[in-house]
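I opened this one up to jot down a few things as I looked them up. Here are my notes, in the order I made them.

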Amino acid sequence: MTLRLGRHEFADDATLMMAIVNRTPDSFYDRGATWDEERALERVDLVVAEGAEIVDIGGIKAAPGVRIGPEEEKSRVVDFVGRVRAAYPGLVISVDTWRAEVGRAVCEAGADVLNDAWGGADPELVDVAAEFGAGLVCTHTGGATPRTRPYRVEYDDVVAAAIGDTVAYAERAVAAGVAPESVVIDPAHDFGKNTFHSLELTRRLGEMVATGWPVLVSLSNKDFVGETLDLPVGERLPGTLAATAVCALAGARIYRVHEVAETRQVVDMAWSIAGRRPPRRAIRGLQ
Amino acid sequence: MTRAVLVPGTLALLPEYASIEDPVAELRAACLRAVGWLGADVTVLADQQGARVAEHLLASSTRTSDEPSYLVVGNGSARRTEKAPGHLDARASGFDSDLGRWLRDGRFDEVAALDRRLAQELWAGVDPIIELAGVPDLSVGQVDYEGDPFGVQYWVIRWASQIP
């Protein structure tokens, strides 16, 4: 099935880079580097130049912190979405929000995708996606409340739980009127999960791909990488790319990333190893 | 009128070795132009690998004339440069220069008398080309492509003969 993200369509075998653009003063990785709107636009310029097909704009960091209400969240992202839309008509604009109210405002400003990192916490978000013809990312959080950390969460089978919840969310979205070709599922590494859960989801990602829904993975510099290698934020790129390669081999379609160029290389390489993409230019031994 | 075309046995021409960016786009275009000039009924002169290249080029072209035709798959030395598959052999340049001149000029008696041992040492695929020399009265060649982009000497050449 062709993937349709708002006004943009992608072939069945296309892999997509979704570059993270934070409109926050306190996100874990960039620590406010793009809090200033002009710096955020420069970040968009950079990731577009690096080949990102999607930008994922977020106004609230995932971790606990100062409460950000919907008005403050909108003030951080809505006008910015409009500026990016005007500057890059061909770019897919995703907004990382769980709130329907924010979703509506960003769709009016030109967003193509609502990336609901908190797994349907606001039941009306699907209606907004349906109304605007937007794409929807359906994540698994194990029922976690937005902006909370996991505490002694356990699953009988984390992969079965992730598949069950994301597919149910996807079906609820379609029932609400979201186009089936615009729905993406995401196991949501680290969200409602300990490191063992995220490693198992990575190892068994092929089971999510086998559902037939396009799979998005958000691995970039996360704690499961840091804990696995005992490395702080800032030193997690090789581990992130290793997890990326495993997910690419399994068939993940969208990669939510901080480092676009490096991830693109890894995904292309793994996709070619899997036999889904020809080499860019092969002549060795074939002259 | 008999028609004959020479193409190299470049495996990169095969669809199973296709890249996103075609590394032999210019060569491929020349091959397809020349092969498209052949008649519908084509005799292939090639080794086993070359026959696959010929089969693919023939399948990729539309040929309607009834001229008896030959498609020859062969090439010069693969030892023309330090980066060439067979590394540099100083004799390759002279060998290819002679062979190229004879092919262009239609001097097939000299092609037939090629030093096969030297050809083998230079990694030149010439046996089918020597076989072509048995076709009588081939004309002067029309060169569609001549080059060695990867250290292997390629030619795409057409010949015609007045004898049916």
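I started with A:D190, which is buried because 22 other C-beta atoms lie within 10 Å. My cut-offs: buried takes 20 or more other C-beta atoms within 10 Å of the residue's own, exposed takes 12 or fewer, and partly exposed is in between, with C-beta atoms placed from the backbone. This is a predicted model, where local features need pLDDT of at least 70 and side-chain atom pairs count only at pLDDT 80 or more, while totals for chains, interfaces and linings use all residues. Residues are numbered from 1 along each chain as its sequence is written, and chains are lettered from A and ligands numbered from 1 in the order in which they are written.

I found A:D190 in the loop between β8 (183–186) and α6 (195–203) of chain A. Helices (H or I, at least four residues) and strands (E, at least two) are DSSP runs, numbered from the N terminus. A:D190 has a positive phi of about 75°, though it is not a glycine. I noted this because most residues other than glycine have a negative phi.

Next I looked at chain B, where B:W123 also isn't a glycine and has a positive phi of about 55°. B:W123 sits in the loop between α5 (116–121) and α6 (127–132) of chain B. B:W123 counts as buried because it has 20 C-beta neighbours inside 10 Å.

Then I checked B:R28, in helix α1 (residues 25–35) of chain B. B:R28 is partly exposed, since 19 other C-beta atoms lie within 10 Å. Leaving out residues up to four places away in sequence, B:R28 touches B:L13 and B:D22; contact asks for C-beta atoms, placed from the backbone, within 7 Å. I also looked up B:R28 and B:L57: they are 29 residues apart in sequence, and 8.8 Å apart in space, C-alpha to C-alpha.

Last, the two chains: 13 residues of chain B are in contact with eight residues of chain A.
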